[in-house]
Amino acid sequence: LPVGIVLWGVRSIYTVSDSTTGDNYTCTIKGKILELEGEDNNQNLTTPLVAGDMVEFSETDHGHGLITARKKRKNEFKRLKQAGRVVQTIVANLDQIIIFDSIDQPRLNTYFIDRCILTADLLDIPVILCINKIDLLPEENREDLDHLVAVYKRIGYPVYTVSVAEGEGLEQVQKLFKGTITSINGRSGVGKSSLIRTLDPRYGDIAVSHINRKYNKGRHCTTYAQVYPLQSGGHVVDTPGVKEFALFVDGPEQVERYFPDFNNIRDNCRFPNCQHINEPDCAVIDAVEKGNIAAIRYESYLRMHESL
Ligand SMILES: Nc1nc2c(ncn2[C@@H]2O[C@H](COP(=O)(O)OP(=O)(O)O)[C@@H](O)[C@H]2O)c(=O)[nH]1
Ligand SMILES: [Mg+2]
Ligand SMILES: [Zn+2]
């Protein structure tokens, strides 16, 4: 049977892109229960398929098909809804997340970046940081940007600085997508749609999602992700709900373990359960004071800790 990727789906109708031919099929699920490969239970899921799912399907008539099985998911990008009570998967099988932010308009926000990084780490999805609009960087702030880039590289995250408007640095970014499913996440106005349009002009205005236009006019519904195959290779995912980049941690005391910058340092705190806030003989605070842990990262840590 042909295998394809679910580009998007709503109300049990899924658009599946054939992995071999690239042709799109409008599909429904065959029967009442979908076979979930590699999972013993066939529970009646309310949303058994999300964007990014790999499926087996059979063509019924021209351009239509029936989905018979879902391949095992590599990972799930989830968010919390209804005040944190419900966990909802919005996209599956991401190879990486590009956290997209901008120098200015809107002004760079390291707290946002750090929240996204932590969430991606928790979901076990590799993260790449991409900072757009470097054309808006005043020359005298060049060093600040270099410092910021060095901070994130040092703790293990690749960083790209680009100007989508001026085409700077885009070649390397384009390469990142090849052979992958990559989600771009960023605040409104940072240039996500502009980037996607540059990568593939067919997606003139990705901001206005297919789904919202066609099926949910006026409805309060932005929870669907959508996968776009790129002409230059790979897939880009428009994942809504940036604000809900949830911190999937049970309590504030768990946050510190997701700061790789604290590795090898936290062991030297006097207390094994040190939260690095006001404890005596805290090696992390000491490292922040000495500049071995970046102040911006520590500030994000305190804010996340407080927010939980
Ligand atoms: N100066 C500058 N403006 C940009 C750049 N990239 C995008 N923009 C502008 O930023 C605004 C928001 O871009 P858009 O792609 O809609 O952002 P999105 O909300 O993240 O999808 C638009 O006016 C773009 O023209 C850039 O590299 N430099
Ligand atoms: Mg947009
Ligand atoms: Zn400490």
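User: Do strand E3 (residues 24-29) and strand E6 (residues 64-70) run parallel or antiparallel?
Analyst: Strands E, at least two residues, and helices (H or I), at least four, are DSSP runs numbered from the N terminus. Two strands pair if DSSP finds at least two bridges between them. Four bridges join E3 to E6, with glycine 65 of E6 as the bridge partner of cysteine 27. The direction of E3 and E6 is parallel.

User: What pLDDT do local features need here?
Analyst: Residues are numbered from 1 along each chain as its sequence is written, while chains are lettered from A and ligands numbered from 1 in the order in which they are written. Side-chain values use heavy atoms, without hydrogens and water, and in this predicted model totals for chains, interfaces and linings use all residues, side-chain atom pairs count only at pLDDT 80 or more, and local features need pLDDT of at least 70.

User: Which residue in the turn between E2 and E3 has a positive phi?
Analyst: E2 (residues 13-18) and E3 run antiparallel and are joined by four bridges; one of these pairs is valine 16 with tyrosine 25. The two strands form a hairpin with five residues between them. The positive phi, about 80°, belongs to glycine 22.

User: How many residues surround ligand 1?
Analyst: A residue is near a molecule or strand if one of its heavy atoms lies within 4 Å of it. The closest to ligand 1 are Asp135, Gly189, Lys192, Ser193 and Ser194. Helix H4 (residues 192-199) gives the largest share of the shell, three residues. The number of residues around ligand 1 is 15.

User: What share of the accessible area of ligand 1 does the protein cover?
Analyst: Oxygen atoms of ligand 1 lie 3.0 Å from a polar backbone atom of valine 164 and 2.7 Å from one of glycine 189. On its own the ligand has 590 Å² of accessible area (Shrake-Rupley method, 1.4 Å probe; for residues, only the protein chains shown count as cover).

User: What geometry does the site of the zinc ion (ligand 3) have?
Analyst: Its donors (N, O and S atoms within 2.8 Å of the metal, or 3.2 Å for Na, K and Ca; water is not among the atoms, so sites may look incomplete) are Cys269 (SG), Cys274 (SG), His276 (ND1) and Cys282 (SG), at 2.0 to 2.4 Å. Four donors count as tetrahedral if all angles lie between 85 and 135 degrees. The angles among the four donor atoms are 103 to 115°, and the site is tetrahedral.

User: Which residue is joined to glutamine 105 by a cis peptide bond?
Analyst: The omega of this bond is about 0°. The loop between strand E9 (96-102) and helix H1 (110-122) holds the residue in question, proline 106.

Notes: Polar contact = N/O pair within 3.5 Å; in protein donor to acceptor, adjacent residues only side chain to side chain. Tetrahedral: all angles 85-135°; square planar, octahedral: opposite > 155°, others 65-115°.
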